[in-house]
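Here are my notes for your first read of this entry. Keep the structure open beside them and check each point as you go.

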Amino acid sequence: MKIHFCTQCGSDDIQYRSPEGDSYRRYICEACGFIHYQNPNIVAGCLVEHEGKVLLCKRSIEPRKGLWTLPAGFMENHETILEAARRETWEEARARVNTPQLYSIFNLPHINQVYVMYYGKLSGDSFAPGPESEEVLLLDIEDIPWDKLAFATIRETLKLYVKDREAGRIRLHSGDIIRPWVLRDPTNAQLKNLVTR
Ligand code: ZN
């Protein structure tokens, strides 16, 4: 993201250059010296299971409105990753999760994001659409709408989950979601460097 004005002093004298001793170029305010570091964002969410079914949300907002996703969203400051995953699950699916366990970690270097998903059982049996969801459903694995999923990360997480279910064991997965720049479809990405434990 290009910086036009200093977030500290408001000056528009911003240069894109390497600070002394740094090998990366940064937006530096020449008026007050402030360096605008930019780093990846963390997205956290939950794969919620109930009686063999998985909780999916139909998005009511852009991007990818009308497509299906697992509840997930950007981590806030002063929050842990697990707190973010629980909060997003509540906000999007009005669901609580019992004893969530770390499930998948995906790097998305082309959009500067890291996805961290937890797995857990639905607490109680209540869920409902939050403001960002049009519909929330518990779906059998056979009914997962593979061609109507919103994001590659969600598709890859669900694919791993289906495999884990077949193997009878929920495991921990990490990998990289790589998308060629020439392809603009956000679901057109591939999982590489998968490590499963
Ligand atoms: Zn400044």
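1. Start with the terms. Helices and strands here are DSSP runs: a helix (H or I) has at least four residues, a strand (E) at least two, and numbering starts from the N terminus. With that in hand, read the order of elements: from the N terminus, the protein runs β-β-β-β-β-β-β-α-β-β-β-α-β-β. That is two helices and twelve strands. Remember that this is a predicted model.

2. Next, the overall dimensions. Along the principal axes, the C-alpha atoms fill a box of roughly 60 × 35 × 30 Å. The protein has 197 residues, and buried ones make up 43% of them.

3. Look at how the chain meets itself. Take the contacts between residues at least 6 apart in sequence. Of these, 58% join residues at least 24 apart.

4. Now the surface and the charges. The accessible surface comes to about 11100 Å², and carbon and sulfur atoms account for 49% of that. There are 25 positive and 27 negative side chains. The centres of the two sets lie 4 Å apart.

5. Turn to the metal. Which residues coordinate the zinc ion? They are C6, C9, C29 and C32, each through its SG atom, at 2.3 to 2.4 Å. Along the chain, these donors follow the spacing C-x2-C-x19-C-x2-C. The pair C6 and C32 links distant parts of the chain, 26 residues apart. C6 sits in the segment before β1 (14-17), while C32 lies in the loop between β2 (26-29) and β3 (35-36).

6. Why is the zinc arrangement called tetrahedral? The four donor atoms subtend angles of 105 to 116 degrees, so the arrangement counts as tetrahedral. The cut-off requires all angles to lie between 85 and 135 degrees. For comparison, the ideal angle for four tetrahedral donors is 109.5 degrees.

7. Is C6 buried or exposed? C6 has a relative accessible area of 5%, so this residue is buried. C32 has 41%, so that cysteine is partly exposed. The limit for buried is under 20%.

8. Finally, one glycine. G66 is in the loop between β5 (53-59) and β6 (68-69). Its relative accessibility is 24%, so G66 counts as partly exposed. Leaving aside neighbours within four places in sequence, G66 is in contact with K58 and R59. Y115 is 49 residues from G66 in sequence, and their C-alpha atoms are 21 Å apart in space.

Notes
Residues are numbered from 1 along each chain as its sequence is written. This is a predicted model: local features need pLDDT of at least 70, side-chain atom pairs count only at pLDDT 80 or more; totals for chains, interfaces and linings use all residues. Side-chain values use heavy atoms; hydrogens and water are left out. Donors are N, O and S atoms within 2.8 Å of the metal (3.2 Å for Na, K and Ca); water is not among the atoms, so sites may look incomplete. Four donors count as tetrahedral if all angles lie between 85 and 135 degrees; four count as square planar and six as octahedral if opposite donors are over 155 degrees apart and all others between 65 and 115; anything else is irregular. Buried means under 20% relative accessible area, exposed over 50%, partly exposed in between (1.4 Å probe, protein chains only). Contact means heavy atoms within 4.5 Å. Accessible areas come from the Shrake-Rupley method with a 1.4 Å probe; for residues, only the protein chains shown count as cover. Lys and Arg count as positive and Asp and Glu as negative; His and the chain ends are not counted. The place of a charge is taken as NZ of Lys, CZ of Arg, CG of Asp or CD of Glu.
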